[in-house]
Amino acid sequence: MNNKSVFIFLNLFLLSSILILYGIYKFNFNNVFLFCFVSFCAVFLAFNIGSNDAANSFGTSVGSKALTLKQALVVCAIFEISGVLFAGNKVVETIRDKIIIFPDSISPVLFVCIMLSALLSSGIWILLATKKGLPISATHCIIGGLVGASIMMCVIEYDKIQTFNIVKWQYIGLITLSWAIVPFLSCILAYFLYAFVVKNIIVPIKRKERLLRILKEKKRIIQSKYISDAAQRVDAYLNLELDSINKNDDFQIFIDKIKARKKVININKNLKFIPYFVCSGLVVNLGIFLLEGVKYENFYHFLTNLWILIVVVSIFYFILTSYLSIFSKTKITKVVKKIFIIFQIIGACCFAFAHGSNDIANVLAPFLAILDVLKDGDIDTGFNPSFFLFVILGIALISGFFFLGREVINTVGNKIISINPVSGFCIEVSAGAIILLFSQAGVPISSTHVLIGAILGVGLQVKRINWNLLKVIIMTWLITLPTVSLLSTFIFLILRMILMETF
């Protein structure tokens with residue numbers, strides 16, 4: 001066992017111990033040993049979600065060199081745990097109610113076995129995928145775990161009809177359909193978005209900046225009264241249609257022609273696209289932050305969030321317009337690059353906040369369902385999570401990102417395609433728009449699938465994709481649900497055999 005493995009084990013042991021001591025102090029559980037094991041499984045799953053899913057938030061930022069890996073770790077820690085602490089309690093829905101229809105006669109011990117199997121099987125599969133650097137969906141893992149254990153429970157305890165009806169297959173079908181549709185949509189959007197930016201902003205600005213440099217050099221040559229082969233090549237390249245130059249020509253004529261040429265080039269014509277484009281991306285990113293992260297409880301709250309969105313975007317628009325007008329005379333390519341870096345980081349932060357607020361439900365939903373039974377011996381007694389619980393699981397999530405997130409970050413940011421600040425921004429905006437659209441429509445999708453689809457779209461545009469790695473990632477997606485389901489059934493059988501005797 002290497003030093004890294006020792007630190008990971010100690011981290012899991014410490015967080016689990018704190019959670020266990022808090023639970024024993026705060027509540028009177030019927031089975032302390034089982035509570036200890038459940039607490040470890042919850043911390044273990046949160047740790048692995050952080051190592052895989054949380055890495056998606058900053059993979060493109062690290063790949064584009066907008067952030068270093070250490071900077072990404074710090075920023076991700078801040079925004080992921082902020083999402084968990086300040087907005088996580090608004091998304092602690094019982095995921096099981098969307099997927100499984102439990103019989104009224106189900107015993108509490110079997111219910112605990114199902115939830116615990118989902119926690120443990122999901123954590124194991126995510127850990128295996130993370131070690132290989134493969135991004136997968138934590139939500140799909142939890143769903144697969146619940147489905148596998150629930151079906152096995154019905155096979156043992158109930159008849160065949162009940163076994164088939166326990167799962168909401170239309171929900172599973174919707175998830176399966178999303179595997180194909182959602183990455184395809186994000187791929188198409190990213191493809192055309194990046195093509196628009198390159199065609200209307202990046203390439204024209206670089207070309208015109210190069211021409212302006214040549215004009216500047218031409219002016220210097222003329223002003224110094226030197227006529228050389230270099231000056232003639234500049235004339236031919238620019239096609240200025242100047243008469244042959246000699247020492248007797250009027251100096252002012254050449255200067256006026258160069259000024260006229262500069263006006264024709266007009267680099268500001270292409271710069272005007274940037275504020276509109278970048279602020280549109282900001283609308284998507286802040287929309288994810290407000291609607292997915294902070295969320296809204298009623299129509300008045302929605303209007304408040306909408307007003308905040310309008311004010312913030314307007315401020316950024318005016319600042320950006322002023323910034324471009326001031327620095328348009330300098331090295332504009334570097335200025336544009338800095339703009340995309342800044343807004344890419346903003347997008348990653350919003351994505352991380354929303355991720356922290358949403359994905360913590362993958363741990364809390366089954367964990368709280370088990371605590372319900374351990375506390376009162378009944379199912380659905382309404383166990384309310386405390387702020388301390390969010391803190392512990394949030395720290396576990398960030399710890400996973402810190403210890404094991406590098407592999408997935410490298411996959412997302414470097415190994416599939418080469419990412420720069422512009423392409424990274426287009427990827428984040430495309431993925432964010434699809435996530436926002438489908439989530440507000442109430443359709444369950446995987447942020448991992450959306451992000452990889454957007455990366456593929458940009459890769460198709462630049463024609464440089466690691467197809468071998470992409471095939472492995474897609475194959476992992478396809479086998480996640482059945483593999484976790486199968487793993488969960490075996491864990492359920494073991495837990496049932498143990499807990500039916502001791503519970």
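Begin by selecting the cysteines: the structure holds zero disulfides, a disulfide being a pair of cysteine sulfur atoms within 2.5 Å. This is a predicted model, in which local features need pLDDT of at least 70 and side-chain atom pairs count only at pLDDT 80 or more, while totals for chains, interfaces and linings use all residues. Residues are numbered from 1 along each chain as its sequence is written, and side-chain values use heavy atoms, with hydrogens and water left out.

Among the cysteines, select C141, which is buried at 0% relative accessibility, and then C279, also classed as buried, at 6%. Here buried means under 20% relative accessible area, exposed over 50%, and partly exposed in between (1.4 Å probe, protein chains only).

Next, select E157 and R496. Their side chains meet in a salt bridge, at 3.0 Å from N to O. This pair links distant parts of the chain, for E157 belongs to helix α7 (residues 138-157) and R496 to helix α20, 339 residues apart. The salt bridge count comes to one, under a rule that requires a side-chain nitrogen of Lys or Arg within 4 Å of a carboxyl oxygen of Asp or Glu. Helices are DSSP runs (H or I, at least four residues), numbered from the N terminus. E157 is partly exposed, at 35% relative accessibility, and R496 is likewise partly exposed, at 24%.

Now display K4, K70, K131 and R406 together; these residues form a positive surface patch. Patches are made of residues with over 30% relative accessible area and no salt bridge, like charges being joined within 9 Å and nonpolar side chains (Val, Leu, Ile, Met, Phe, Trp, Tyr) within 5 Å. Lys and Arg count as positive, with the charge placed at NZ of Lys or CZ of Arg.

Finally, turn to the backbone. Most residues other than glycine have a negative phi. K65 sits in the loop between α3 (55-63) and α4 (69-87) and is exposed, with a relative accessible area of 64%. The last stop is K463, another non-glycine residue with a positive phi, of about 60°. K463 is found in the loop between α19 (447-462) and α20 (467-502), and counts as exposed at 68% relative accessibility.

Terms used:
Accessible areas come from the Shrake-Rupley method with a 1.4 Å probe; for residues, only the protein chains shown count as cover. Helices (H or I, at least four residues) and strands (E, at least two) are DSSP runs, numbered from the N terminus.
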